[in-house]
Amino acid sequence: MNADRTSSTCRSATERLRSMPTHISWAIWSCLAAMVLLFLMAGAGSYPFLTTDETRHAGIVHDMWAARHYLMPRVGAFPVLDGAPLHYWVSLGFIEVLGPHEWVLRLPSALAAVALLVFFGKVFLPSRTWRLPLMLTCLFLLQPALMMAGRFASPDMLGLLLLTVSLGSFGYAAHYLEHGEWSTSWTFTAWVSTALLGLAVGPLAVLPPLLTVGLWLAFRKRFDVITALCWWPALLVAATLFVPWFWFAEQSYPGIVNAMLHKQALTLVGDGCHEWFELGVGSCWLLVAAGSLPLLACCICRYRDTSRRAALRTPMAGLMGLWLLVFVPLHPLMALSPAGHAIALVMPLLYFSALVMVPSEGGTDRAGACTWLVIGLLAAAIGAAGIHVFSKHLSAAALLAQTVRPHYNPFTDKVIMLDRFDYDFNFHMKTPKLVYVATDWANEEESTSSRWKRELRESARFVPEVAETLLLTAVPPEQAARQGSLLARHDGRADSYLGRSENSLLDRLCTGGAVNLWVIGSKDAGAQYPVLSDLIPVVVSGQAHAWYLGVGAQPYRCAQRAQPP
């Protein structure tokens, strides 16, 4: 009897999908999608970019757009080693039409979140009534990690959408095969979305969904289905989408694909990842736990009911369970911002929560009301804590640009970033100009702990002639006296083109010539670099200061430097 019940449950998903009144379903989802989009975009342009990650992704899109280099994502003049161009291509389309604004760069993530909700509801949880879609939408909006990713200018929400489409399509293609039918559309969709996932998040991101589906079918001993899903036309289409860009990148920058794979693989051990440096490994895992906590509480509260545990006796529930288990160790492969760590684990929990939050037949559901209260309180607490934390990491480049822009000539002025690199500086300055970056590149310890310095250093080896011009060496005099000659430390190194002069910052200031120079550094830079006292100070904020050197002017120390000993 239990076997018959399980078999009937397995067939119900496809039968419900086929018999669903399409016009009613789409009307419900259209209204809910519009509501979610308005919620995600409300005030999206009223605050600056959050954390280094959002500024980085926004800066990459702007640099590609301003320089008209559309194929290869760039940080300034250097290639990006993420191996994930798809989000930037999508964002370029919006910025070409709507212009470079904060809300425009956040719009692709919001649209991806809406598409994710609609696909998830119609494919994983098809329903004839408005109650289940409405309940799923409420659960979706109460997840702080999903809301953050939906309002964040990063590839994470697009990656989650493609991951969900991939697993859902593989699930339905396998379901049809198990019942003696063949679905070309689901098979093609599965492989195409997997290939696009590799372009959206990174080449190794194709492995987790394939591993999840493979384990799901292997545990159920459906090896014949695995073989059937490896349909060569679909594989050929997926390879056609996935391979050409990596081939182009390798031809343009030999060795870069290996660097992309190496960088993404290191994220599994907490090295080379976006925010491991700024937040720390413990904070990233805390973020994962916080993003999953409301739905975990929901599942714990509701699955104590024996009758509700019957919803777990389906192949789709097994796929969701494996999704959760596989992505606990592999979620860093899907993360390009802090929210990316949590959202890869949220969707299977959302599925289980939606199944058990369906109200009981007849009567009031007090347990359900209490569960909603718990979810709401947890979401509010986690959301408030997240707002408090991320409000302290607002980008300083917006305020910086407001002060500098009135005096800045984009045709003649040059900018030197001193011991800092603001990814979104050019975005706020509305200019495609490349900036110089001056720091102590030979300081190994600082280069591995500072994310922007590590990224520029790794990318610079693919364009050494550009790095020799734009990456300057700058060491505070006291530190240089303690460390000895920088030239000795550069000798014999593969990255010796990073600031060949012992103080190429001073060289650049002394040879300013026919351009105005702006030096932008921290509030402590004036005390660390005495040469800045010879420049005109422009105090910008507590986080960043700017100094100005006019055309033909030279710091006083240049004259001292030119005098014979």
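Let's start with strand β3, residues 414–418. Four of its five residues are buried, so the strand is largely enclosed by the rest of the structure. Keep in mind that this is a predicted model.

What does β3 pair with? On one side of the story is strand β6, residues 517–521. The two pair in the parallel sense, over four bridges. Then there is strand β4, residues 436–439. β3 and β4 also run parallel, joined by three bridges. Take Ile416 as a landmark. In β6, Ile416 stands opposite Val519. In β4, the bridge partner of Ile416 is Tyr436.

Now the wider view. The protein chain has 565 residues, and buried residues make up 55% of them. There are 28 helices and eight strands. Consider contacts between residues at least 6 apart in sequence. Of these, 76% join residues at least 24 apart.

The mean pLDDT of the protein chain is 79. Of its residues, 76% reach 70 or more. Which elements mark the two ends of the range? Helix α9, residues 184–201, has the highest mean pLDDT of the elements, at 96. Helix α25, residues 486–490, has the lowest, at 42.

Two stretches need care. Over residues 1–23, pLDDT stays under 50. The model has 26 contacts for that stretch beyond four places in sequence. Over residues 273–281, the pLDDT is again below 50. That stretch has 33 contacts in the model beyond near neighbours in sequence. Where pLDDT is low, the predicted coordinates should not be read in detail.

Is Thr194 buried or exposed? Buried: its relative accessible area is 3%, and the cut-off for buried is under 20%. Which residues does Thr194 touch, beyond four places away in sequence? They are Ser166, Phe170, Val206 and Leu210. Look at Ser166 in particular. Thr194 and Ser166 are 28 residues apart along the chain, yet their C-alpha atoms are separated by 5.6 Å. Their side chains make a polar contact, at 2.7 Å.

On to helix α10, residues 207–219. Which residues of α10 are buried? Pro208, Pro209, Thr212, Val213, Trp216 and Leu217. These residues cover an arc of only 160° around the axis, which puts them on the same side of α10. An α-helix has 3.6 residues a turn, so residues three or four places apart point the same way.

What do the buried residues of α10 pack against? Four helices are listed: α8 (156–178), α9, α11 (223–229) and α16 (315–330). After α10 comes Lys221, whose phi is positive, near 60°.

One last stop, further along the chain. Ser459 lies in helix α22, residues 451–460. Ser459 is buried, with a relative accessible area of 2%. What is Ser459 in contact with, leaving aside its neighbours within four places in sequence? The partners are Phe78, Pro79 and Leu81.

To close, go back to the opening strand. β3 pairs with β6 over four bridges, and three bridges join β3 to β4.

Key:
Residues numbered from 1 in each chain as written. Predicted model: local features only at pLDDT ≥ 70, side-chain atom pairs only at ≥ 80, totals over all residues. Heavy atoms only, no water. pLDDT = per-residue confidence, 0-100. Contact = heavy atoms within 4.5 Å. Buried < 20%, exposed > 50% of the residue type's maximum accessible area, 1.4 Å probe, protein only. Polar contact = N/O pair within 3.5 Å; in protein donor to acceptor, adjacent residues only side chain to side chain. Pairing = 2+ DSSP bridges. Arc of directions from axis to C-beta.
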